[in-house]
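Me: I have a protein model open and want to learn how to read it. Can you take me through some features, one at a time?

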Amino acid sequence: MSRAPDQRRKANRLAKESSPYLLQHAHNPVDWFPWGQEAFDEARRRNVPIFLSIGYSTCYWCHVMERESFESEDIAALMNREFVCVKVDREERPDLDDVYMAATQMTTGHGGWPMSVFLEPEQVRPFYCGTYFPPEERGGMRSFPQILGAIAAAWKERREQVVQQSETLANAVREHLGRQSAAVPVGLAQVSQAAQTLLRMLDRVNGGFGSAPKFPQPVFLELLLDVREAAADEETKSAADAAIRLTLDKMACGGMHDQVGGGFHRYSVDEKWLVPHFEKMLYDNAQLAALYARAAALYGDPFYERVARRTVEYVLREMTQGSGAFFSAQDAEVDGREGLNYLWTASELGATLSEADGRFALKVYGVDQGTNFRDPHHPEAPAANVLFLAGRPEGLVRELGTDVTELWARIDAINDTLYRARLKRKQPRLDDKVIAGWNGIMIGALARSSVWLKEPRYARAASRAATFVMERMRNREGHLLRTSRGEGAGAARIEGVLEDYAFVIDGLLALHVAIEKSTEVCESVEFHEPLTAARELMARAQSLFGSPDGGFFDTRADQADLFVRARSTHDGAMASGSSVMLANLAELHELTGDGGYRDAARSCLMSVSGAIAESPVGTANAVRTLLRMVQSGVVTDGGEETRAEAARERFTPVEIFATEERVAVGRDRPASLRLVLKIADGYHINAADPGAEGLVGLRVWVVNGGGIAAYADYPKGEGYGERGELRVHRGSVEFDVAVEQVGDITGQPLLAVTFQACTDRECLAPMTAELAVAIDAEQ
């Protein structure tokens, strides 16, 4: 938690904002502006760059940089003198976050928050990017004041070069985020490829995909569930079952799962799901509640049902406002200490519980095995325990000589006592803003869980939240607004983006299905026409975000504060707006029989088909709908002929080979591998330094995650052009790549190679290829 603002200081402009994150900075000595025209005009008037800081309220390192730098009078004075300083809550403006994160990843090889980006003021294009900077030189990192001084000097002394650099970087971002891959045939081959890749990525000891840090990635497990249910052969079903159940078991037993209060923390810092990063996000808990509920129904597993119910009850108890809408997140820290609210020592358990229950808790929650947590940021603090289940209930009852009913009754009684004791501690900060899209995810999770768990109460909760979103998070034109804070009139603000419409529509469709399946639900919900509302929002979304090829942009066409209109297709911690809209169109066709939705779904599928063909795992949610559409006959799977055609359409003149399939990295322990690029006859690719502006050079970088950077020893290339002024590669080129851990690893980082191939007559559009090289954290 960020320390309480110094109310003795004069408030800056952020005091008028509603975002909890922005309000945390309202009394910094930094003269912060919110993102908007006032800031742009001021920077242009003063003729200075914009310093843009993007973060979110539960971000640990955002709090650290605030304490170290933004609360410093000296550093703030430097910032105020040389820059116009702008703060953005990434959860309010995911569109801005996506654009500037792409720039940060391209220039540094990694990303993360807080994001620190310097912009030229005329078109707000980035020219220098980074993340966290320390107040003094540390571990090879330049200090934040050094960065500020160097940027200010460059702007004054080499402005033309800085502006040119911003245009070059902006063009690269436009190509990366706005590029539309050519439509290609796709079908069951891509479904199989995605499933097989996930099974290869599976950690066969601890479950999950890859190594530490471990993220739950529910979209991967949902895809495997779909494949498992569609499979005609027992081998596929068995392999999918093993991956799904191993992962669900390990997550449910680990410390990432809040054993006392229910719900899940953001991710595990280790490969065992034991020690979490302690923030709790609404979208994680929504997706995991639905995942466990679905698995409980499919496998008839009461343990999964218990996990699903406790996750839902946690959200209804701690993350729900009086009107029924859902809050965004709970912080990871209390008083600057990670997880302080959730940790226990053996002596604390003994003092809180009876002697018999204390002994039982020590055994069941693994405390008798010794401590497992020490705050890396406060090594002087005593070691403590993250509580975890020593195993699935079947194993516990054998070891303890009891039965499952008695086991859970005793654990529930212990948890109740511990939870009440925990409530007396200082609590993590709550980010109490309501986000339309995240509420849509939770509405869908509740509605689906009500069907799978036969629990009408969950559908009623979904209905209340839907009522709030549809009645109080829309403007006069009926467009969705992204955020709301407080329950009064006018609390909602900021125009919704594609993901808001996509997830709210998905939630409404799930609520419609729940109502149709249960008379009790139908008679008890307050929102009775979710299908009608979903169809209305779909029409609005198609008008606001639709593209001529049937796909969707992430943002509206009239957003003048963005230098690129992005089209995201990557499915990560949450599914992309485009993939959810594809699923919505398919669902609307199945529910209504309206051929217009069928045709729209086909067009939308073709618009993302190139992305699916390039990376079936990276588009896992779209692949789910592809499978659904093939099974229902909405699209056909053309077999080998179609796959051969697709291969021809996906021709790339460059083949990339890596000497390693997996590399392990750690802090101060880099890994290396060698890449070989084979270039087709008649083609060449630009060298890393091609020798002319406007050409995209060869680059190795990291996508799909943060905390990892890649550095390449690029060959110079051969001369090309009338005077040999350009540098290119022909035939084959080999070079070494170093992979380093530069921060906390987030997501599932992958190496990517960007290149631009040309003939003597024309240049193809730049291409980015993700490499099948797993990056593991060294233990």
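**Reading the model**

Reply: Start with L389. Leaving aside its neighbours within four places in sequence, L389 is in contact (heavy atoms within 4.5 Å) with C253, Q259, F303, V364, Y365, L396, W408 and I411. Two notes on the source. This is a predicted model, where local features need pLDDT of at least 70 and side-chain atom pairs count only at pLDDT 80 or more, while totals for chains, interfaces and linings use all residues. Residues are numbered from 1 along each chain as its sequence is written, and side-chain values use heavy atoms, with hydrogens and water left out.

Me: Which residues have the most contacts inside the largest nonpolar core?

Reply: First, the term. A nonpolar core is a set of buried Ala, Val, Leu, Ile, Met, Phe, Trp, Tyr and Cys residues joined through side-chain atoms within 4.5 Å. Buried means under 20% relative accessible area, exposed means over 50%, and partly exposed is in between (1.4 Å probe, protein chains only). Here the largest core has 144 residues, and L248, M251, Y292, L389 and L508 have the most contacts inside it. Another core, of 36 residues, lies apart from it; L52, V84, V88 and V124 are among its members.

Me: How do I read a pair of aromatic rings?

Reply: A pair is described by the distance of the centres and the angle of the planes. Rings of Phe, Tyr and Trp (its six-membered ring) pair if their centres lie within 6.5 Å; planes under 30 degrees apart count as stacked, over 60 as edge-to-face and the rest as tilted. A search of the whole structure finds 27 aromatic pairs. Take Y60 and W61: the ring centres are 5.4 Å apart and the planes stand at 90 degrees, so this pair is edge-to-face. Y60 is buried, at 6% relative accessibility. W61 is partly exposed, at 27%.

Me: Where does the pair of Y714 and F735 sit in the chain?

Reply: Y714 is in the loop between β20 (699–712) and β21 (718–720), and F735 is in strand β23 (residues 732–755), 21 residues apart. Strands are DSSP runs (E, at least two residues), as are helices (H or I, at least four), numbered from the N terminus. The ring centres are 5.6 Å apart with planes at 45 degrees, so the pair is tilted. Y714 is partly exposed, at 26%, whereas F735 is buried, at 1%.

Me: How do I read a sheet?

Reply: Strands of a sheet pair through backbone hydrogen bonds, either parallel or antiparallel. Two strands count as paired if DSSP finds at least two bridges between them. Two bridges join β8 to β9 (residues 329–330). K280 has Q330 in β9 as its bridge partner.

Me: What about backbone angles?

Reply: Most residues other than glycine have a negative phi, and most peptide bonds are trans. Now look at V124. This residue is not a glycine, yet its phi is positive, about 45 degrees. V124 sits in the loop between β4 and β5 (126–130). W273 also has a positive phi, near 65 degrees. At 0% relative accessibility, W273 is buried.

Me: Which residues does the cis peptide bond with omega of about 5 degrees join?

Reply: It joins W113 and P114. P114 is in the loop between α5 (94–108) and β4 (115–119).
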